[in-house]
Amino acid sequence: MMAQTMQISSVPIQKTKIKLFDQLRGFASFLIVAGHVMSYFGDPSLTNSMLYNFIWSVQIPIFMIVSGILYSKSTDKISFRFFVKQIFGTIVYLIVPIVSWTITYQLINNITSISIMSLINPIFLYPTLGGNWFLSTLFAFISITLVSLFFNLTKSHTINLILRSVFILIVLSLFLIVYIFLNPLLFGSKYILFYSTFFFPSLILGSFIRANDKLSRALLNLMNKRRVRLLSIFLFALFAALYVYILATCNLVYDESLIVVLLRVLSGYLGSFLLSAILYFACKINFVSKTLMYFGKYTLEIFLVHLFLFNTMKYKNLLVNTNIFIFDFLIYFLIAAAFCFAIIFLFKKIKLLNLLFFGGHGSLIFKKNIKAAHSP
């Protein structure tokens, strides 16, 4: 994801680089590729390991938390015209690439039954193919956020935030009904409900803090106090111990029981907090900072291209492993990295391909119409 903030108002959206967010998303991109290498090419037992638990627990929650914080910049009521413009931009950036990659996947893998329904099903009704579920979930969150801005009806930021929160809860309750009584995968309800626990709390909390300047300044002053720093160190150690315990004792990936789902949410927050703290200091090293910033710049592209590659290799039975984890991991990770950046470099040079497969990311169209924290 690019570190861009979105300010919903009558003025153009302004782009703000936030280094830590870029670095977090750059590292999360690395984790996503590493996790998929393990699940696609590694020994099946690896997906039950503590390492895989760690990767799975933070890779997407980080993106959702960061996106929620960036969208918390949205505090003003919007006009219908501006709303339509933003929805159109979001469709271009998120839905168009889904359609393009889905059609390409079906053509390359000789799936001849391409029809309207063969596109609608994996994109909107049951978005499970490749990375469709993630982009469609992010599209749902952005759309809900934009609609919620119409509930900024008063001069009080707090009351507006309450109204927006009620609206968001009502919409999520509809997805809960679909999940329980129809099909958990219909409209991506399973993913929307789970990842909403990261996106919307970050959105609401960020909006509340941004709307209260005195509170923001008080928190910053508080963080500079020695006792608070000591308390932060203690909490870091406590959270780290709890997080490691969860990773070591729970199967966060496959266990669907309610208690484990709740632990997934907790581990997502714990892991994201701990990773943020670690990267904050690690990125003081210039090489680490620049590398993660570079990955953070192309997270959408990396996400889409590597999943297309892995799913195609799986479909064509090209998944070969030597049962030597380190060797398989390095080989396939390097293959994925080389393929990703070759495709990114090629498609970025051709405007039409960039628009169709990456939503025009980095192009003039993107800068004029989207300029928001849409990236995964």
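The points below describe a predicted model of a protein chain, from its overall make-up to individual residues.

1. Overall make-up. The protein chain contains 15 helices and zero strands. Of its 376 residues, 48% count as buried. The chain exposes about 18,600 Å², and carbon and sulfur atoms supply 72% of that area.

2. Contacts along the sequence. Among the contacts between residues at least 6 apart in sequence, 75% join residues at least 24 apart.

3. The nonpolar core. In soluble globular proteins, nonpolar side chains tend to be buried together. In this model, the largest nonpolar core has 95 residues. The members that touch the most other members are Met 64, Trp 101, Phe 134, Tyr 195 and Phe 358.

4. Helix 12. This helix covers residues 299-315, which makes 17 residues. From its first C-alpha to its last it reaches 24 Å, close to the 24 Å expected at 1.5 Å a residue. Helix 12 is largely enclosed by the rest of the structure, because 15 of its 17 residues are buried. Asn 317 follows the helix, and its phi is positive, near 55°.

5. Thr 137 and Thr 154. Which of these two threonines is buried, and which is partly exposed? Thr 137, in helix 5, counts as buried because its relative accessibility is 1%, under the 20% limit. Apart from neighbours within four places in sequence, Thr 137 is in contact with Met 64, Tyr 191 and Ile 192. Thr 154, by contrast, lies in the loop between helix 5 (132-148) and helix 6 and is partly exposed, with a relative accessible area of 34%.

6. Surroundings of Thr 154. The side chain of Thr 154 reaches the backbone nitrogen of Ser 156 at 3.2 Å. Not counting residues up to four places away in sequence, Thr 154 touches Ile 159 and Asn 160.

7. Ile 177 belongs to helix 6 and counts as partly exposed, at 45% relative accessibility. Ile 177 and Ser 189 are twelve residues apart in sequence, and their C-alpha atoms are 9.1 Å apart in space. Helix 6 spans residues 157-181 and helix 7 spans residues 189-211, with Phe 187 in the loop between them.

8. Phe 187. Phe 187 is partly exposed because its relative accessible area, 40%, falls between the limits of 20% and 50%.

9. Cysteines. How many disulfides does a search of the whole structure find? The search finds zero. Cys 250 is buried, with a relative accessible area of 17%. Cys 340 is buried as well, with a relative accessible area of 3%. Both residues count as buried because their values are under 20%.

Note on methods. Residues are numbered from 1 along each chain as its sequence is written. This is a predicted model: local features need pLDDT of at least 70, side-chain atom pairs count only at pLDDT 80 or more; totals for chains, interfaces and linings use all residues. Side-chain values use heavy atoms; hydrogens and water are left out. Helices (H or I, at least four residues) and strands (E, at least two) are DSSP runs, numbered from the N terminus. Buried means under 20% relative accessible area, exposed over 50%, partly exposed in between (1.4 Å probe, protein chains only). Contact means heavy atoms within 4.5 Å. A polar contact is a pair of N or O atoms within 3.5 Å; within protein, one must be able to donate a hydrogen and the other to accept it, and residues adjacent in sequence count only if both atoms are side-chain atoms. A disulfide is a pair of cysteine sulfur atoms within 2.5 Å. The expected span of a helix is 1.5 Å times one less than its number of residues. Accessible areas come from the Shrake-Rupley method with a 1.4 Å probe; for residues, only the protein chains shown count as cover. A nonpolar core is a set of buried Ala, Val, Leu, Ile, Met, Phe, Trp, Tyr and Cys residues joined through side-chain atoms within 4.5 Å.
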